[in-house]
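These notebook entries record what I looked up in the structure, entry by entry.

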Amino acid sequence: MSTEHAYDTVVLDLYSSDLPMTNDRVMAVTKQLLEATDWMGLSDTPTMSTAWATYRATLRNLENSANWPSVLLSEWPQKVVE
């Protein structure tokens, strides 16, 4: 898998845009990706896999990056393929 396809499209869009990496823009992407996977944590769904739990934890911890909000592409979690 090539690096450009290893990340979610919304993450890649952050880096392809001429807009600055602001707190609001990066937080919006983080929130969007977390919300897209929230259903996995509901009580009526199967247990979340370790890969998805790690993906979500990495998203939640991005704010702790020394580079925030200009986080490096390599700091984002890659898509989970199961």
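This is a predicted model: local features need pLDDT of at least 70, side-chain atom pairs count only at pLDDT 80 or more; totals for chains, interfaces and linings use all residues.

**Entry 1: helix 3.** Helix 3 runs over residues 50-61, and its 12 residues reach 16 Å from the first C-alpha to the last, close to the 16 Å expected at 1.5 Å a residue. I then listed its buried residues and found Trp52, Tyr55, Arg56 and Leu59. They lie on the same side of helix 3, because the arc they cover around the axis is only 90 degrees. I looked up what covers these buried residues, and helix 2 (23-37) is included.

**Entry 2: helix 2.** I applied the same checks to helix 2. It has 15 residues and spans 21 Å between its first and last C-alpha, close to the 21 Å expected at 1.5 Å a residue. Its buried residues are Val26, Val29, Thr30, Leu33, Leu34 and Thr37. These cover an arc of only 130 degrees around the axis, so they sit on the same side of helix 2. I noted that residues three or four places apart in an α-helix point the same way, because there are 3.6 residues a turn. The buried residues of helix 2 pack against helix 1 and helix 3. On the face turned away from the buried side I found the exposed residues Asp24 and Lys31.

**Entry 3: salt bridges.** How many salt bridges are there? I counted two. In one, the side chains of Lys31 and Glu35 meet at 3.9 Å, N to O. Lys31 and Glu35 are four residues apart in helix 2, which means a separation of about one helical turn. I recorded Glu35 as partly exposed, because its relative accessibility is 46%.

In the other, the side chains of Arg56 and Asp38 meet at 3.1 Å, N to O. This pair links distant parts of the chain, 18 residues apart: Arg56 is in helix 3, and Asp38 is in the loop between helix 2 and helix 3. Arg56 has a relative accessible area of 13% and is therefore buried, whereas Asp38, with 36%, is partly exposed.

**Entry 4: Asp8.** I next looked up Asp8, which is found in the segment before helix 1 (9-16).

Conventions:
Residues are numbered from 1 along each chain as its sequence is written. Side-chain values use heavy atoms; hydrogens and water are left out. Helices (H or I, at least four residues) and strands (E, at least two) are DSSP runs, numbered from the N terminus. The expected span of a helix is 1.5 Å times one less than its number of residues. Buried means under 20% relative accessible area, exposed over 50%, partly exposed in between (1.4 Å probe, protein chains only). The arc is that of the directions from the helix axis to the C-beta atoms. Contact means heavy atoms within 4.5 Å. A salt bridge is a side-chain nitrogen of Lys or Arg within 4 Å of a carboxyl oxygen of Asp or Glu.
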